[in-house]
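Please read the following account alongside the sequence and the coordinates. It moves from helices to strands and then to aromatic rings.

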Amino acid sequence: MTVNDVRRAIMLALKNNFPNAKIYGEEIREGFIAPCFFVKVLEPTETQMLGTRYLREYPFDVHYFPRQENNNEEMNDIADQLFRVLEYVTLANGDLLHGAKMYYEIVDGVLHFFVTFNVSLRIIETIDSMGDITIIKEFKR
């Protein structure tokens, strides 16, 4: 699983729950049409837990641009919905991911909804063998 898999799952959840809003996965340039969302990856981390087990944290900032500028009521309503929409997202393979550390703020007329998805991984490395070995053991009496 990659950060892009999680990003696509978030975008699909937004599309399914907000069909009238455009969903952007790349930086928004001038001329975007509101209402719309922009899904931004923040700073993913990986922590080794035990042996080959790792915990990856994928934090996201989901921007929402309202229909009307500086419409705090609309942004608060959307934020309330995002708590449920991003509680669980479905990956392409059908697995569910649980959103954690959810909170939001409104800055310069844009809603910023923060959510983190934690993924436990077990990395299996393949080791090239040097070849076959035969051991012959003789028993003396």
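The paragraphs below take up the helices, the strand pairing and the ring pairs in turn.

This is a predicted model, in which local features need pLDDT of at least 70 and side-chain atom pairs count only at pLDDT 80 or more, while totals for chains, interfaces and linings use all residues. Residues are numbered from 1 along each chain as its sequence is written, and side-chain values use heavy atoms, with hydrogens and water left out.

Helices (H or I, at least four residues) and strands (E, at least two) are DSSP runs, numbered from the N terminus. Helix H2 covers residues 72-85 and spans 19 Å from first to last C-alpha, close to the expected 20 Å; the expected span is 1.5 Å times one less than the number of residues. Helix H1 has 15 residues and reaches 21 Å, close to the 21 Å expected.

Buried means under 20% relative accessible area, exposed over 50%, and partly exposed in between (1.4 Å probe, protein chains only). The buried residues of H2 are Glu 74, Met 75, Ile 78, Ala 79, Leu 82 and Val 85. Viewed down the axis of H2, they fall within an arc of 135°, so they line one face of the helix; the arc is that of the directions from the helix axis to the C-beta atoms. Exposed Glu 73 and Arg 84 sit on the face of H2 turned away from its buried side. The cover over the buried residues of H2 includes helix H1 and strands E2, E4, E5, E6 and E7.

Glu 74 has a relative accessible area of 11%. A polar atom of its side chain lies 3.2 Å from the backbone nitrogen of Arg 67. Leaving aside neighbours within four places in sequence, Glu 74 is in contact (heavy atoms within 4.5 Å) with Pro 35, Tyr 64, Pro 66, Arg 67 and Gln 68.

Two strands pair if DSSP finds at least two bridges between them. E1 and E2 pair in the parallel sense over three bridges, whereas E2 and E4 run antiparallel and are joined by six. Phe 37 stands opposite Tyr 64 in E4.

Rings of Phe, Tyr and Trp (its six-membered ring) pair if their centres lie within 6.5 Å; planes under 30 degrees apart count as stacked, over 60 as edge-to-face and the rest as tilted. The count comes to six aromatic pairs. Phe 37 and Tyr 64 form a tilted pair, 4.9 Å centre to centre with 50° between the planes. These two residues are 27 residues apart in the chain. Phe 37 is buried at 0% relative accessibility, and Tyr 64 is buried at 2%. Ring pairs link Phe 18, Phe 37 and Tyr 64 into a cluster.

Key:
A polar contact is a pair of N or O atoms within 3.5 Å; within protein, one must be able to donate a hydrogen and the other to accept it, and residues adjacent in sequence count only if both atoms are side-chain atoms.
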